[in-house]
Amino acid sequence: AERIRVEIKKLIMSGGPDRILLAMKTGLSKVFLPEWDEVARDPERADRVIRVIKTVNRLCDYAGGRENKILCFAALLVETHDAGEIMRRMKFDNYSISFVDRLTRYCNVDFDMTKTEFRRFLSKAGVDIMELLYVLREAYHGSFGGEYAEYIRAVDARSKEMFEEIINDGDALTIKQLDVTGNDLNEAGIPKGKIMGNLLNALLDEILCKPSYNHKEWLIKKA
């Protein structure tokens with residue numbers, strides 16, 4: 001699996017990623033990547049994936065690095081159903097598996113959201129993937145062309161502004177960013193265990209809606 005992974009990586013990060021079509025035509029990918037065969041049987045889908053890989057390589061500021069590799073595999077697997085499982089099968093490291101799984105899962109999310117909805121999305125998806133997600137979305141949705149591609153670009157441009165505002169304002173997006181800990185709640189009389197976890201999640205949901213309320217006194221009172 002590791003050797004196959006290395007060869008696929010060299011192929012899709014090369015100047016001719018369209019040669020991965022040969023893997024299907026020769027019957028090789030039926031053995032090690034049957035999910036690609038499922039996509040490549042449709043010439044339109046296969047062509048789109050190849051164009052996305054090429055665009056990702058062109059847009060990528062991390063030529064040859066880990067982020068470039070992650071984006072290329074996300075592009076290759078963007079139209080499959082379980083990219084994370086495929087990455088695990090190819091014995092990737094957990095970091096790459098997590099990124100590719102989330103990038104492919106959230107590539108098609110419509111970012112026409114309110115700020116609260118976008119905070120909830122960031123809390124679920126993870127801030128760490130956003131830079132690469134915007135690159136993948138530009139490559140993937142741009143491959144469709146026309147009004148749809150323009151719509152996605154406009155929506156993503158607005159969401160980037162929201163993202164910068166959320167980060168610059170220091171809005172809490174995870175339980176760790178709450179101005180209260182489990183120990184604080186325990187000292188206030190709330191028992192440890194499942195109820196504590198549920199309560200912290202509920203408090204985070206409140207703060208995703210009202211980030212300015214992220215103060216220890218208010219959170220303990222709310223709890």
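User: In which helix does Lys216 lie?
Analyst: This is a predicted model, where local features need pLDDT of at least 70 and side-chain atom pairs count only at pLDDT 80 or more, while totals for chains, interfaces and linings use all residues. Residues are numbered from 1 along each chain as its sequence is written, and side-chain values use heavy atoms, with hydrogens and water left out. Helices (DSSP runs of H or I, at least four residues) and strands (runs of E, at least two) are numbered from the N terminus. Residues 216-222 make up the helix that holds Lys216, namely helix 14.

User: Is Lys216 buried, partly exposed or exposed?
Analyst: Buried means under 20% relative accessible area, exposed means over 50%, and partly exposed lies in between (1.4 Å probe, protein chains only). The relative accessible area of Lys216 is 39%, so Lys216 is partly exposed.

User: Which residues does Lys216 touch, not counting residues up to four places away in sequence?
Analyst: Lys216 and Asp179 are 37 residues apart in sequence, but their C-alpha atoms are 5.1 Å apart in space. Contact means heavy atoms within 4.5 Å. With residues up to four places away in sequence left out, Lys216 touches Asp179, Val180 and Asp184.

User: What share of the residues of the protein chain count as buried?
Analyst: The C-alpha trace spans about 65 × 40 × 30 Å along its principal axes. Its accessible surface (Shrake-Rupley method, 1.4 Å probe) comes to about 11900 Å², and 50% of that belongs to carbon and sulfur atoms. Of the 223 residues, the share that counts as buried is 42%.

User: Why is Thr104 classed as buried?
Analyst: Thr104 lies in helix 8, which covers residues 94-106. Leaving aside neighbours within four places in sequence, Thr104 is in contact with Ala74, Leu77, Val78 and Ala83. Thr104 is buried because its relative accessible area is 11%.

User: Which backbone oxygen does the side chain of Thr104 reach at 3.1 Å?
Analyst: A polar contact is a pair of N or O atoms within 3.5 Å; within protein, one must be able to donate a hydrogen and the other to accept it, and residues adjacent in sequence count only if both atoms are side-chain atoms. A polar atom of the Thr104 side chain lies 2.8 Å from the backbone oxygen of Val100. At 3.1 Å, the Thr104 side chain reaches the backbone oxygen of Asp101.

User: Which helices do the buried residues of helix 8 pack against?
Analyst: The buried residues of helix 8 are Ser96, Ile97, Phe99, Val100, Arg102, Leu103, Thr104 and Tyr106. They pack against helix 6 (66-77), helix 7 (83-89), helix 9 and helix 10.

User: How far apart are the end C-alpha atoms of helix 11?
Analyst: The expected span of a helix is 1.5 Å times one less than its number of residues. Helix 11 (residues 146-169) has 24 residues, so it should span 34 Å. This agrees with the distance between its end C-alpha atoms, 35 Å.

User: Which helices do the buried residues of helix 11 pack against?
Analyst: An α-helix has 3.6 residues a turn, so residues three or four places apart point the same way. The buried residues of helix 11 include Ala149, Ile152, Val155, Ser159 and Met162. The buried residues of this helix pack against helix 9 (115-125) and helix 10 (130-142).

User: Which residues does Met130 touch, not counting residues up to four places away in sequence?
Analyst: A nonpolar core is a set of buried Ala, Val, Leu, Ile, Met, Phe, Trp, Tyr and Cys residues joined through side-chain atoms within 4.5 Å. Among the 67 residues of the largest such core, Met130 is one of those that touch the most other members. Apart from residues up to four places away in sequence, Met130 touches Phe111, Phe118, Phe121, Leu122 and Phe163.

User: Which cysteine sulfur is closest to the sulfur of Cys72?
Analyst: A disulfide is a pair of cysteine sulfur atoms within 2.5 Å, and a search of the whole structure finds zero. Cys72 counts as buried because its relative accessibility is 0%. The closest cysteine sulfur to that of Cys72 is 7.0 Å away, too far for a bond, and belongs to Cys60.
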